[in-house]
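Please open the structure in a viewer and keep the selection tool at hand.

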Amino acid sequence: MESKPSSASTPSARVLPLDKLPGWISKSLDVPPLRTGIVVTSSGKSTTYPSGKHIILSPIDRLRGKGVGLQIGYVSTEPVTARLTASYLLSGDEILVDAAITYDARITDLQRYFCELVIPMGEIPAGQINFSNEEAASSIRQLVRRYTADDLIHGLPTHLLAAEIQRALSATLQNLGMEVDRILLITFWRSDDKVKATEKIMELEQDLQNIELQKKMAEVESQIQLDDFIHQLDPEFSQSAGVRPVMHERTVSGNDTANSAENLKKWLVDQTTHSSGSHWRLSNLFSNDNKNSLLPSRRPPQNWWVGRTIWILFLVCSGAGITLLTTNRFSGEPRKDLLYGFLTGLWLFLLPFILGEIKKLVEKWEKVNEAVWNLPSATHLQELIGDDKNRADRLVRKQCLSEMERSRSILEDMVSRLYNAGSTDSAIRLRELRHKFESTQERLKQPDFGNPAYLSDNHLSSAAWGRTLDYDENLLSFAGAITEQVFTAQQNLSSSKEIPTLNSIEQHLDEFLYRFSGRSQVLKNL
């Protein structure tokens, strides 16, 4: 007997195409345990179903077209463990830091959660998932600007920082039909120490495999003790990367400590396995390019119903014509049973064909009205082939060039201001930096400079492909951070402050150029 999948292996949420549901004409929804089924109509009304099997479309309703535009699936109403990652955030003392935050989120609006998050993703796997996006990253970026890097890494009390993050994420999650239940793990580290941090993270992950250490961690009873425990594992690492499991007063117990340890171990494993994160910058580039493209958007085919409708009418008319001719011709015959037997056999032969064609017509009707037709040529990053790979490279180059041009333009304005103010030496220094940005632009325009690995290898594994996407996503983030540094320098000039970040900007520009040139080498260390 085949066993049903456990709730742990069942996706947390999933969209189910109507044509994949059980049933020939009527359709039923089988909702797994610990999940809630949901059906959203094209008019925006929703119906929910508990665990079990439910008829969601009767044969009559299906043939009447009530399946057109339906969005069907299921979601878990239990808290979702989510992860937010953000790179190259500019702190209040103008130091770039990376952030990784793990938290539990409750679903407060089932329909909005399903429509805004589940439908675009198609499926949300069970376990920890990455909810990084532009809005969430922007919220964390604003928070980071209010504190120094040292405050974020180890200076601020953990509970205070957790409360700040929870408030920062509230508006973003509310738009997705969710709210933060509690922050589980907070990590900040200096972006310039990324390589060193990665090495230390691997060491820390190995340390936590020690059973004696796990026992000691289980004896921790307060947040202060937990912070001290993490610090003692590697005091040097704690100064450059703050790894903070968060305990909560309402559940301060051995179990809560065990959960904190488990969350920490999950995060460490995630960092050391190079798991693919969220590529929202790349997705946005494709989305904007699709909107601005002169190529026609995906549209349902015109007059898709004509051919099959004519065929159905032909079958019906043929049956009706044969019935009429036969009845008129043999109506005077004494053996009516032969006539009725012939007509019964005729319609038993024709009706399955007619019903089958009507079913296909309804299915086509449902297909052409799916939500995907209303989207402007949605592109799935995990499925890029052929010209789409060339377009991905072109879009990354174009965005990086745009960031370099913005920085160059800001520097040009600053040079002009300093010359007018009589600060010739500072103006010359900024002009040299501006020339460096112009030189970087020229390098990025060279098609043979920084060719990504996916252009030369057509048989990348999913892990390799995810790694190349991670690398380009990181490049886009780094380019944006350099622009933000330059903009901050302009603000400091406007407020008559010193500009201490020029050397840092130049170093980061050199590092960016080095990283861009290394796009072809990404997979050598995989």
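A residue is called buried when its relative accessible area is under 20%, exposed when that area is over 50%, and partly exposed in between. By this rule, Arg408 is buried, because its relative accessible area is 13%. Please bear in mind throughout that the model is predicted.

**First stop: the surroundings of Arg408**

Select Arg408 together with Glu438. Their side chains form a salt bridge, with 3.8 Å from N to O. This pair links distant parts of the chain, since Glu438 belongs to helix H15 (residues 424–445) and Arg408 to helix H14 (residues 387–420), 30 residues apart. Glu438 has a relative accessible area of 26% and is therefore partly exposed. Now extend the selection to Glu405, Glu412 and Arg434: with Arg408 and Glu438, these residues are linked in a network of salt bridges.

**Second stop: two further salt bridges**

How many salt bridges does a search of the whole structure find? The search finds 27. Select one of them, the salt bridge between the side chains of Arg14 and Glu123, at 3.4 Å from N to O. Arg14 is in strand S1 (residues 13–15) and Glu123 is in strand S9 (residues 123–124), so this contact ties together parts that are 109 residues apart in sequence. Arg14 is partly exposed at 34% relative accessible area, and Glu123 is partly exposed at 35%.

Next, select Glu484 and Arg141, whose side chains meet in a salt bridge of 3.9 Å, N to O. Glu484 is part of helix H17 (residues 462–494) and Arg141 is part of helix H3 (residues 134–144), so the pair ties together parts that are 343 residues apart in sequence. Arg141 is partly exposed, with 24% relative accessibility.

**Third stop: the aromatic rings**

A pair of aromatic rings is described by the distance of the centres and the angle of the planes. The structure holds seven aromatic pairs. Among them is the pair of Phe449 and Phe516, which is stacked, with 5.8 Å from centre to centre and 15° between the planes. Phe449 lies in the loop between H15 and helix H16 (453–456), while Phe516 lies in helix H18 (residues 502–517), so the pair ties together parts that are 67 residues apart in sequence. Both Phe449 and Phe516 are buried.

Phe512 and Phe516 both lie in helix H18, four residues apart, which is about one turn of the helix. Both of these residues are buried.

To view the whole cluster, select Tyr88 and Phe478 as well: Tyr88, Phe449, Phe478, Phe512 and Phe516 form one aromatic cluster.

Keep Phe449 in view and select Arg443. The charged end of Arg443 sits over the ring of Phe449, 4.2 Å from its centre. Then select Lys389 and Trp465, where the charged end of Lys389 sits over the ring of Trp465, 5.4 Å from its centre.

Most residues other than glycine have a negative phi. Return to Tyr88, whose phi is near 55°, a positive value in a residue other than glycine. Tyr88 is located in strand S7 (residues 80–90) and counts as buried at 3% relative accessibility. Then select Leu34, which also has a positive phi, near 65°. Leu34 is in the loop between strand S2 (27–31) and strand S3 (36–40). Is Leu34 buried or partly exposed? Leu34 is partly exposed, with a relative accessible area of 47%.

**Sixth stop: the annotated segments**

Select residues 305–326 and 338–355, where the unreviewed UniProt entry places the feature "transmembrane region". Residues 305–326 are 95% helix and 0% strand, and the end C-alpha atoms are 31 Å apart. Residues 338–355 are 100% helix and 0% strand, with the end C-alpha atoms 26 Å apart.

**Last stop: the largest cavity**

The largest cavity has a volume of about 40 Å³. Select its lining: Leu84, Tyr103, Phe131, Asn133, Ala136, Leu169, Thr172, Leu173 and Leu176. Which helix gives the most to this lining? Helix H5 (residues 158–174) does, with three residues.

Definitions and conventions
Residues are numbered from 1 along each chain as its sequence is written. This is a predicted model: local features need pLDDT of at least 70, side-chain atom pairs count only at pLDDT 80 or more; totals for chains, interfaces and linings use all residues. Side-chain values use heavy atoms; hydrogens and water are left out. A salt bridge is a side-chain nitrogen of Lys or Arg within 4 Å of a carboxyl oxygen of Asp or Glu. Helices (H or I, at least four residues) and strands (E, at least two) are DSSP runs, numbered from the N terminus. Buried means under 20% relative accessible area, exposed over 50%, partly exposed in between (1.4 Å probe, protein chains only). Rings of Phe, Tyr and Trp (its six-membered ring) pair if their centres lie within 6.5 Å; planes under 30 degrees apart count as stacked, over 60 as edge-to-face and the rest as tilted. A charge sits over a ring if NZ of Lys or CZ of Arg is within 6 Å of the ring centre and within 35 degrees of the ring normal. UniProt positions are given in the numbering used here, feature names are shortened, and annotations may be inferred rather than shown by experiment. On a 1 Å grid over the protein atoms alone, a cavity is a set of points where a 1.4 Å probe fits but cannot get out, and a pocket is an open set with protein on both sides within 12 Å along at least five of seven lines; lining residues have an atom within 4 Å of a point. Grid points are joined across faces, edges and corners, and a volume is the space filled by probe spheres set on the points.
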